[in-house]
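Please look over the model below before reading my comments.

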Amino acid sequence: MRPRAFWLASVSRFLLAVFAAFFALPLAAEEITFRADTMSGRAGSKEDMTRLAGNAQVFTESIEIRADSIELSGKEFRYVSAAGNIKGSYKDSNLEFECQELNYDRESKVVTLSGDAKIIDKDNEVTAAAQMIEYNSNSDIAVLQIEVKLEQKKNVCSSAYAVYRKKEQMLELNGSAKVVQDDDSFAAQSITFNMDTEEITMDGNVRGSVTDDGTKAPKKEEKEEAKEGGEEKNE
C-alpha cells in the first residue's frame, strides 16, 4: 500500500493541473464579419494582417465600423485600425461616433478616435467633440483631449481635457474649463458638472456671469440703438 503522503501529493498535483488548465482556456471571441470593395492579405489567416479598402465595414456583436479603409491584425483579429471618413456605433451603449482615424482593441473593448472625433450619446442627448477621444465600453467612460466641446440640452461645456462618465452622467473638465447655460456662464481651471442635477463644483480662478430672473442682458448694439432713440426723442 502506498503511503498516505504519496497519495495526497498525487491528488494535489492533479488538482493543480486541472486548475491551471481551466485558467489557461482562451477567452471566447465574439464573431467578427467584414466586407469591402477590395481585400488584401492571406485569406482565412487570423494571425496575419488583412487590409480592407473601399466602403470597408466591420461588424462584431458590440461594435460597427465603416471607413475608407480598415486593417485587421493580431490573433483572432484582436486589433482593428481604420482611416478616412469613419462612422460607427456601439450597440449596447447606444452610442455613435465619427472621426478620421480609429484604433480598437476587441479584447479590452477600448476604442481610440482621433482627428475631429465626435461621440453621440443618444440615451442622454449628449454630443461630445475633441481632437482625440478614448472610450471604454466596459466602464462607459470617455476621455476627451484637445479642443473639448460637449453639448447637452441647454448646456455647452468646453475645456482642454475632460472625462465623461456616461452611466453617472458626470463630466469632469480641466484646463480653461467653461460651462454655459443659456445666458449664464461659469469658468474655472477645473469644473465637475452633474448633468442630471446641473450641480456645478469649480476650483481654481473661479469666475462667472449670471443673469437675474432669466431676462436676457441687452447687447452692445441694442444699448447704442436705445441711446440714439432717446436722443432723437429729446430733440
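1. Basis. This is a predicted model, in which local features need pLDDT of at least 70 and side-chain atom pairs count only at pLDDT 80 or more, while totals for chains, interfaces and linings use all residues. Residues are numbered from 1 along each chain as its sequence is written, and side-chain values use heavy atoms, with hydrogens and water left out.

2. Confidence. The pLDDT is the predictor's confidence in each residue, from 0 to 100. Its mean over the protein chain is 82, and 75% of the residues reach 70 or more. Residues 1-28 have pLDDT below 50, and beyond near neighbours in sequence this stretch has one contact in the model (contact means heavy atoms within 4.5 Å). Residues 214-220 are also below 50, with five contacts beyond near neighbours in sequence.

3. Nonpolar core. A nonpolar core is a set of buried Ala, Val, Leu, Ile, Met, Phe, Trp, Tyr and Cys residues joined through side-chain atoms within 4.5 Å. Buried means under 20% relative accessible area, exposed over 50%, and partly exposed in between, using a 1.4 Å probe and protein chains only. The largest such core has 43 residues, and I70 and F97 are among those with the most contacts inside it. In soluble globular proteins, nonpolar side chains tend to be buried together.4. E64. Where does E64 lie? E64 is in strand β4, residues 63-73 (strands are DSSP runs of E, at least two residues; helices are runs of H or I, at least four; both are numbered from the N terminus). The side chains of E64 and R66 are joined by a polar contact of 3.5 Å. A polar contact is a pair of N or O atoms within 3.5 Å; within protein, one must be able to donate a hydrogen and the other to accept it, and residues adjacent in sequence count only if both atoms are side-chain atoms. Not counting residues up to four places away in sequence, E64 touches several residues, including K87, K91 and F97.

4. K122. The loop between β7 (110-121) and β8 (126-136) holds K122. Because its relative accessibility is 45%, K122 counts as partly exposed. K122 and E96 are 26 residues apart along the chain, with their C-alpha atoms separated by 7.7 Å. Their side chains make a polar contact of 3.5 Å.

5. Cysteines. C99 is buried, with a relative accessible area of 3%, and C157 is buried at 0%. The structure holds zero disulfides (a disulfide is a pair of cysteine sulfur atoms within 2.5 Å).
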